[in-house]
Amino acid sequence: MLNLSSLVQKAQQLIDPTQGLNLSNSDKNPSKASLFQSQFRLSSSQNPLYEINAELTIPPPNATQGDRDSDRGYHYAGKLHLSEAYLCFSTTPSSFVRSANTATSSVFTGQTHGAGPSGNGFTFPLCAIRKVERLNSQSFQFALAITTWNSFLSVTGKENPPTDKKNLREQRITLHLADTRHACERFCDGLKKGLRAAVGNVGRLRKVVAECYSEHLLRPEEKKDASPPDAGLGMMFRYPGDPKKLRDRAKMRLWAEYLRDNGRNITIIRQPTFHKLIRVGLPNRLRGEIWEMTSGSIHLRLENPTLYADTLAKFAGKESLAIDEIEKDLNRSLPEYPGFQDEEGIGRLRRVLTAYSWINPDVGYCQAMNIVVAALLIYMSESQAFFLLSSLCERLVPGYYSTTMYGTLLDQKVFECLVERTMPILWEHLVKSDVQLSVVSLPWFLSLYINSMPLVFAFRVLDVFFVEGPKVLFQVGLAIMRINGEELLDAADDGTFISVLKSYFSRLDESAHPKSENPKLRAVTKFQELMVVAFKEFSQITHSTITDLRLRNKDAVLRNIESFTKRTAIRNLGPDSKLLSADEVGALYDRFYTLLYERQQRDLIIQEETRRRARDSRARAQDLFRGEGEGDHIVDKGRIALGPSTSMMDYNAFREFLASMSKWAVADTQLQAQAHTGNRKSDALLNPWGSGPEPADHEFMRRLFKSWDVGGTGELTLANVVSGLARIKGRRDIMGAMNYFFELYDDDSDGKVDREGILRISEALLFLSRRGLEGALSPSTSTPTSNGANSQGQPGTSETDLGGVSANERFLGSVSAFIRRCFEYADPDRPRTQDGQAGEEGGEEEREKAQADNSEAFAIGDDDDEDEDELDLLGPDSPPGSPKPAAKPSTTPALSTDGSARRVSRAQSEAANAALDPANPLHITLPTFRMVVLADELLEQFFESSFPTSFHIMEGLGSSAPPASSSLTTFSSINFGHRAAMPAIAPAAQGATRGLRGVLDNIVTDGMRVAAEVRKRMDEAQKELEKTALPGQKDEDDEDDADIGVEIGVRGGGAGSSTDPERRRVRSEDRDLLSGADAEAGATGSGSGSGSGREGKLVDIGPGMSDAGPSKGVVEFEG
Amino acid sequence: MEGPGNAAPKPSSSVKLVLLGEAAVGKSSLVLRFVNNDFQENKEPTIGAAFLTQKCNLPTRTIKFEIWDTAGQERFASLAPMYYRNAQAALVVYDLTKPTSLVKAKHWVAELQRQASPGIVIALVGNKLDLTNDGGADAGADAGAAGDDEGAEGEGSGDARKIPTEEAQAYAEEEGLLFFETSAKTGHNVTDVFTAIANAIPETSLKSTRGPGGAAAAVGRGADEQRVNLSGQRDNAAKEGCAC
């Protein structure tokens, strides 16, 4: 029940294609888990499992251990949260209510007034808790005393006897749980479980803490070792700024005191003083550690303390584009700082940037990261900087450094909005003077002011930024604008605008009120003024302001990026793309990326769904905490503007891609149709093809894929797709199209296509035409072939309809003829003499004749691997569970009829001759192929127009079929694919239009069957031949084969009776072959190959399709 | 006022110029050379874009270049429209020891021709001439013959040139671009580039003073509105987003 609403939501998302491109739910309605994570700066592995109201009591600073007066000390009311590995307390009302959103969680800033999401309280890893005692308490049901490992970790047990209490301060806090007894018990149970699980992690904690300078700082003098933990390059190259002026010593004292009283690094308790101390600027040696704490990157480090070293080791010596880019910038990152004129600093910078580029290849390296990391490295160790960089890229400034930099652009937009909102006059002036604000402000944000302000001040901004979050960047930016407002109003162009701000930044250390009488006021620096304006005047700028504005502008920004990216991508496609129109390339681009995006979304949803289901079987206790929004954070993934997602199309995506624009690429059956027509709504979510039609999987498509995959990578780029299509659609010349087709089947590109290839080409032709032909087809042509077809058309059908029908019908004939002709004109691989005929005829004719014999022979006898091929033909290499052509069931049983066997033997006996040697390979060459194609008007038209037009790049299948956006019609189009071959069951019963289509579809199916049959016959003939080889009479072969086309085309029209008798006699052998095939396919097996036999088959197919019921439903949908 | 002082001051106009090109081809160095006649080996990479100005004295007028020096890293490309908006001139720079940089330069030229203000004057500049044997803009065809593959710079001989002058020249002529080979390190040809651009700016597109409602600006904005680019939509999008 819990996840029903989310299922519906997701289902809607799948149905409504526009929604998929819209903002994700995660932004509008973040999940409890993500709110919890951002509130306590925890990684996504932490989920809020239990929460409870509680009161925190911190003993007064100088209380000794025995002093337990609970009225003294500090009390905070708030909420206690328990996640998998953390116990967190915050005084801000947590976001842990069902209706929670970011706004409610951050609007209330509690006693700290804007102290940001982390507020007052603590974030203890469970492994940092040494002991939990239950206290007796009158006022509360449950009171817990929690003792942490604080101060015990950096000393080893031996040299630290418990008696050494003087120097060790045990951190002990009391928590009064204020809830029902049951809730308290549940919480405590959870805590117990968590604590037990965390015991093993104390070692990790020790490792992490050892890198914290505070441990060294708080160590008693006599125990301080010579080498304190690495607190950045500053220890070697001095920290920027004058320590005296920065009052570093005083700050250090204050912090030492605070840390002593409230716990250090991982066990620190945040009280209001904590935030105040941060506002006045951190002392140099503690700066890195406190950044790490406030940003939450220390929790990342705790999770995997060796990740940095491991990453470096794992990728040692490897090369990448990012590394090249990093290398270029190493010498120009804060070059004015002495540490970065030295190999030591450069080396650290290189390692941190490189390691990060490996663990987050999507971001890799972005200019500006070098500056930020260089700044971090002045104050922290490499590994600390590495994890802080992760925090930055993933949480604090997401998307800033991504490959599209959408975060940067979005925040610029947000900043502009804020300026417009808070300083309308200045904004108007900017607009009027055509000054673009973001050209000025972008570097501020991107380099977190490090590149804009003198370092000492930039670090002050960072101090606050890490604890209070990205809103600080905006507040400072707005304050800069406000303070310089007057001067900016005088600036009328970019140049003046920039120089005003530049000079302001360079004077930040000067007095803000140099002319003031009041010496105190005179002492206030411009930077102090800036901080005051930023955090007082713009205190209304909260995290939720930013979130709202980001949300509101996100789409526009993403769209702009996408149109830019598209423009660039299309321009870079290369010369082939010029063959297509700009619109076509544009449409292809959209189609390509939309498809990849949708597939990615679908994958995620399917994964999510699978996981959800797997979880459903787990303990009920967890249910309570399963948020509806879980996994929403991933919904946006894959959108181009959000940075790199996949830009490669694998074969399955390719199938889907084709199916979105070509009728023939839609499968005949739908995956697990039965399962879906059952009614588990959620199953729709698991459909790998989403709401689109299931794509077919035919050998032709695989060949196409292979041919487009120029690099042989197994994946297509947009460029591959465009040049692939450009070759088919671009030139619009028949020669090109034929060459292309031929090359597809010329496996070893030796200019020859062998017997197997010929059959495969025919299969492909049938496959491509099975939904009817498109493009310019002449409805009535002048060749005798088609005339014949028309004249023999069924009288019952109207003339106009018949045009279309017969074109497709005729095409079957054309394909048949194609096979025959190919074999007829094929060249043997080893030329051989044919004594029998050589003597009888002379000159050219003789040669032709000889070849004809050959071809006949080959057409009947074939390789032994036919069985396999036959399977191919019938079920085009379908992997289990994928479409099966509807033709198969009805064909197979019919094969065994005696009649067919007899005919086979006759045909074979007629055909057999000396050339009938299965071991005798043959091939056609490109000129032969062209000749054979051009000999048939329909085939010619197919290559000239029908095949190229069948790719509907611009409009997709949406226009020919009902629009794909509505779920109903899409459904029906699936079903169209699914039932394509079967509506012939009873044409009359389904109304005229359906009937016609039924006939058509049927014909197509027949065509496929013919091809199948031809091969089967060959196979059988071959077997027969092995027993007896009879000489055949070959005299009629040299005559026109086109008639076969007629025969097939006319199937069902009583061909036998209406053709002129002589012709009939002459062609009897051919007809036997073909009609035999037909008859076998149909269950009647009337033996003679007469019209009636075929007629019967038409009707017979119906029963073959057992699931006629659903197909009627389809009709209704489509009507 | 700002003229030489004697006689009537020459008319002065400002020209917005944007530099585009692959990372580390020397865009910033070129500007630095032009503006400060200076060269720094380790130049801090440009974040977003740097803004500089420099005057260029022509016989008849003074041109004040407002130079936007953009970041070269690929991902910064999507910020570029913000900077070339309304630009009257562009310097598209490539590194003549690095074939891929010319490819990138061609992309920029195409982007500018389609997206920037109509009539923008574009100069194609091959930088780092100091790394080649020829100090001047001649010869080089022999060295460039094998320039297609991406080799290490200056293999063996001292000549690292990978792109023959002729090749780039031909392309520039085809596209109607000004063409120069320069060295920001030695200063060779640098001023010439800017002078040539100054001369090529059509009189009509020059505005004597930049200011509210300046004719050129208005034209530029009008043209922008019809395009979808990052900056052109600023006004509309901002209103849409912020009318609250």
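A word on terms before the sheets: two strands pair if DSSP finds at least two bridges between them. Helices (H or I, at least four residues) and strands (E, at least two) are DSSP runs, numbered from the N terminus. This is a predicted model, in which local features need pLDDT of at least 70 and side-chain atom pairs count only at pLDDT 80 or more, while totals for chains, interfaces and linings use all residues. Residues are numbered from 1 along each chain as its sequence is written, chains are lettered from A and ligands numbered from 1 in the order in which they are written, and side-chain values use heavy atoms, with hydrogens and water left out.

Start with the sheet of eight strands in chain A. This sheet is open, the pairing is antiparallel, and the order reads E5-E6-E7-E1-E2-E3-E4-E8. Its edges are strand E5 (129-135) and strand E8 (269-270), each of which pairs on one side only.

Moving through the pairs, strand E1 (residues 50-58) of chain A is joined to E2(A) by nine bridges, antiparallel. There, Ala54(A) has Gly78(A) of E2(A) as its bridge partner. Between E2(A) and E3(A) there are four bridges, again in the antiparallel sense. These two strands form a hairpin, with three residues between them. In that pair, His81(A) stands opposite Cys88(A) of E3(A).

What lies across E2, E3, E4 and E8 of chain A? That is helix H4 (residues 32-40) of chain A, which runs at about 75° to E3(A). Contact here means heavy atoms within 4.5 Å. Axes are lines fitted to C-alpha atoms, for helices over the stretch in contact, and angles run from 0 to 180 degrees between N-to-C directions.

Next, the sheet of three strands in chain A, also open, with antiparallel pairing and the order E9-E11-E10. Strand E9 (752-754) and strand E10 (827-828) are its edges, each pairing on one side only. E9(A) and strand E11 (residues 922-925) of chain A run antiparallel and share three bridges; in E11(A), Ile924(A) is the bridge partner of Val753(A). Helix H36 (residues 755-769) of chain A packs on this sheet, touching E9 and E11, with its direction at about 85° to that of E9(A). Helix H44 (residues 926-934) of chain A lies across E10 and E11, at about 75° to E11(A).

Now the helix pair. The axes of H11 (residues 248-262) and H13 (residues 284-295) of chain A come within 9 Å and cross at roughly 45°. H11(A) and H13(A) are therefore oblique to each other, given that under 35 degrees counts as roughly parallel, over 145 as roughly antiparallel, 65 to 115 as roughly perpendicular and the rest as oblique. H11(A) contributes Asp248(A), Met252(A), Trp255(A) and Leu259(A) to the contact, and H13(A) contributes Asn284(A), Arg285(A), Leu286(A) and Ile290(A).

Last, the two chains. The contact takes 56 residues from chain A and 49 residues from chain B. About 4,600 Å² is buried between them, 55% of it on carbon and sulfur atoms; buried area is the accessible area (1.4 Å probe) that two parts lose on being put together, summed over both. How many salt bridges are there between chain A and chain B? Three, where a salt bridge is a side-chain nitrogen of Lys or Arg within 4 Å of a carboxyl oxygen of Asp or Glu. Arg567(A) forms one with Glu111(B), with the closest N and O atoms 2.5 Å apart.
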